[in-house]
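I opened this notebook to record what I looked up in one structure. The entries follow the order of the look-ups.

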Amino acid sequence: MSGLPYDEHFEQLAAGYFDEVLDEAQQAEFKALLQEDDRRVKRFAELAQLHQMIESEIAYRQQAERFGLNRSPNDGGAASAMAELASLYEDSLQPPMDFAAWREEQVSRAKAQEQRVLRRRVLVGGVAFAALFALVGMLAVVLSHSDVPETPITKRVTEDQTAGPAKRAVAMLTAADQTLWDTSGGKTAPTPGDTLYAGQHLALIDGFAEMTTNRGAVVILESPATVELLDNDNALHLHRGKLVGFCHTDSSKGFVVQTPGARITDIGTEFGVYVADNDVTQVHVFEGEIVLKRNHQRAIAVKHGEAYQFSHDAARLTAIQAQPQQFASDVSGLSYQAIQRYASSVEAQRPLAYYRFEEIGPDGRVLNEVGQNDHGRVIDAVTTENTGVGNAAVFSGGYIELDQAASELSGATSYTFECWVLTNRIHDGSVLTLTSRPDDASEAELVAGALSFHRQSDAISLKSQSQRFRFLHRNPPGSSILQGTRVISRQAYQTRQWMHVAAVKDGPSMKLYINGELNSVGTDDSALFDRELTVRIGANTVLAGPKDDKRFFDGMIDELAIYDKALTAETIRQHYELLKGRNNF
């Protein structure tokens with residue numbers, strides 16, 4: 001223990017620091033308290049250790065849930081993990097802390113966090129106190145304390161509770177494709193969801209594997225390859241083969257790859273390492289920057305687009321051309337990191353609404369990822385299904401309605417509809433429709449815009465062509481095929497194949513993108529109808545019209561975003577590239 005008498009005010013400031021709620025005055029006070037007494041530094045280290053382990057445990061459980069991986073029958077998710085960790089740590093806290101109240105508060109927070117599982121990018125808990133210690137010049141003090149005792153929480157994460165020898169969990173295998181592992185000497189082949197331990201050697205004979213460190217670095221391993229997990233939450237030794245490292249969260253920065261002749265340290269980046277059988281190593285940086293320290297040589301920075309080659313025992317360093325195409329950037333065309341990067345890229349464009357369809361809540365709504373409102377109302381036959389890269393909405397005679405996004409689009413001169421979609425059959429099915437509700441409920445709704453699959457093109461345009469995708473803009477809204485402007489895809493769509501579709505209206509220009517490429521264009525000078533509109537996902541008009549007018553969609557929709565601006569061709573292409581491998585699942 002730190003030896004510090006219990007100080008409720010200090011404990012509250014520490015909790016506020018972790019929750020990032022301290023104002024400037026409180027931050028200054030907290031800094032001063034740390035500077036006054038080394039015992040407070042040690043106490044903060046103990047509390048920060050608890051904070052980190054709770055964050056890591058929650059992230060670990062969330063990753064398991066994200067991929068439907070192995071879980072204990074008694075595993076209650078992040079909330080139970082928090083309660084268990086808190087209980088284990090109780091003995092290390094100093095009275096008279098009201099631990100029951102503290103635990104209840106933490107469990108409540110964990111439950112709230114667990115409700116966001118599969119919807120938000122998980123930032124694995126890092127050593128949050130390092131930045132503050134660096135600021136006050138005290139990090140060395142903490143790191144030099146060899147007498148900081150082992151607590152129940154450190155014991156929990158450094159031992160395998162079901163096996164004899166102590167093992168320190170440092171990573172998890174999060175994905176695998178057609179893998180064949182070396183199982184000689186009684187070794188067990190790991191499977192997705194398995195914990196990986198410090199000192200564990202893995203020899204991948206065939207296939208691709210993805211592992212995620214405790215600090216959130218994602219590693220794609222390409223066969224044949226041999227790695228060793230180091231006694232660190234964010235490091236491994238590549239003895240042979242290729243890997244790609246993705247380090248896009250603050251906690252994952254500092255990820256280290258040891259090779260037979262060098263040490264490679266990430267500074268927030270994507271990079272590839274190749275250790276060849278001829279004792280030559282290559283380092284390629286695809287994004288950001290790394291630090292390369294060869295044995296007995298000065299460290300150098302290697303930046304975006306640069307690559308080097310060197311032998312393990314020679315001083316010579318040779319610049320070569322960076323070749324990202326020579327490295328596997330995902331497993332089966334898609335990695336956990338790619339999925340999260342896709343979501344982050346969409347959110348960075350500030351859509352009006354964004355639906356990932358990971359679950360339908362008990363209130364029959366689907367979450368809008370970018371707002372507190374406009375959570376979609378599910379009507380009739382809509383469910384969710386795991387597609388191998390998270391869940392998607394499955395439509396079989398039902399639909400989802402939105403109100404707020406449609407209202408914010410009213411009168412817009414530029415807008416974009418973007419989604420991934422898979423149709424089960426050739427049919428007239430509406431992916432998304434903008435409708436105007438009539439004043440008289442007995443009258444049929446009028447269509448102001450639509451994205452839809454068509455069995456056969458209408459009599460006005462491309463009558464001889466069938467199995468097409470359509471983008472419609474119509475002002476004023478109406479029901480006649482003579483009204484509005486249609487942009488029809490040039491090629492026929494394929495059933496049971498995921499397509500990335502973006503319909504863009506940029507002033508008078510209408511553009512239909514399919515799988516990242518501009519497919520067809522049109523022109524319409526009008527803005528969207530400037531009165532109340534409704535967005536309907538999975539159906540056309542549903543009021544007062546015949547059943548055929550409803551055009552229920554039969555298939556799956558995922559990652560649907562609505563923007564009040566025109567996305568650029570570059571952005572659309574980037575979005576497609578991030579998830580283009582989803583048909584491999």
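The entries below go from the whole chain to single side chains.

**Basis.** I note that this is a predicted model, in which local features need pLDDT of at least 70 and side-chain atom pairs count only at pLDDT 80 or more, while totals for chains, interfaces and linings use all residues. Residues are numbered from 1 along each chain as its sequence is written, and side-chain values use heavy atoms, with hydrogens and water left out.

**Whole chain.** I looked up the secondary structure and found 12 helices and 29 strands; these are DSSP runs numbered from the N terminus, helices being H or I of at least four residues and strands E of at least two. Of the 585 residues, 52% count as buried (under 20% relative accessible area, with exposed over 50% and partly exposed in between; 1.4 Å probe, protein chains only). The accessible surface comes to about 25,500 Å², and carbon and sulfur atoms hold 46% of that area (Shrake-Rupley method, 1.4 Å probe; for residues, only the protein chains shown count as cover). Among contacts with a separation of 6 or more, 62% are between residues 24 or more positions apart (contact: heavy atoms within 4.5 Å).

**Aromatic pairs.** I found 12 aromatic pairs in the structure (rings of Phe, Tyr and Trp, the last by its six-membered ring, with centres within 6.5 Å; planes under 30 degrees apart are stacked, over 60 edge-to-face, the rest tilted).

I next took F453 and F469, an edge-to-face pair at 4.7 Å centre to centre and 85° between the planes. F453 lies in strand β22 (residues 446–456) and F469 in strand β23 (residues 466–478), 16 residues apart.

**Charge over rings.** The charged end of K242 sits over the ring of Y274, 5.2 Å from its centre, and over the ring of F327, 5.4 Å from its centre (NZ of Lys or CZ of Arg within 6 Å of the ring centre and within 35 degrees of the ring normal).

**A buried arginine.** I located R356 in the loop between β14 (353–355) and β15 (365–366). Is R356 buried or exposed? R356 has a relative accessible area of 1% and is therefore buried. Its side chain makes a polar contact of 3.1 Å with the side chain of E559 (a pair of N or O atoms within 3.5 Å; within protein, one must be able to donate a hydrogen and the other to accept it, and residues adjacent in sequence count only if both atoms are side-chain atoms).
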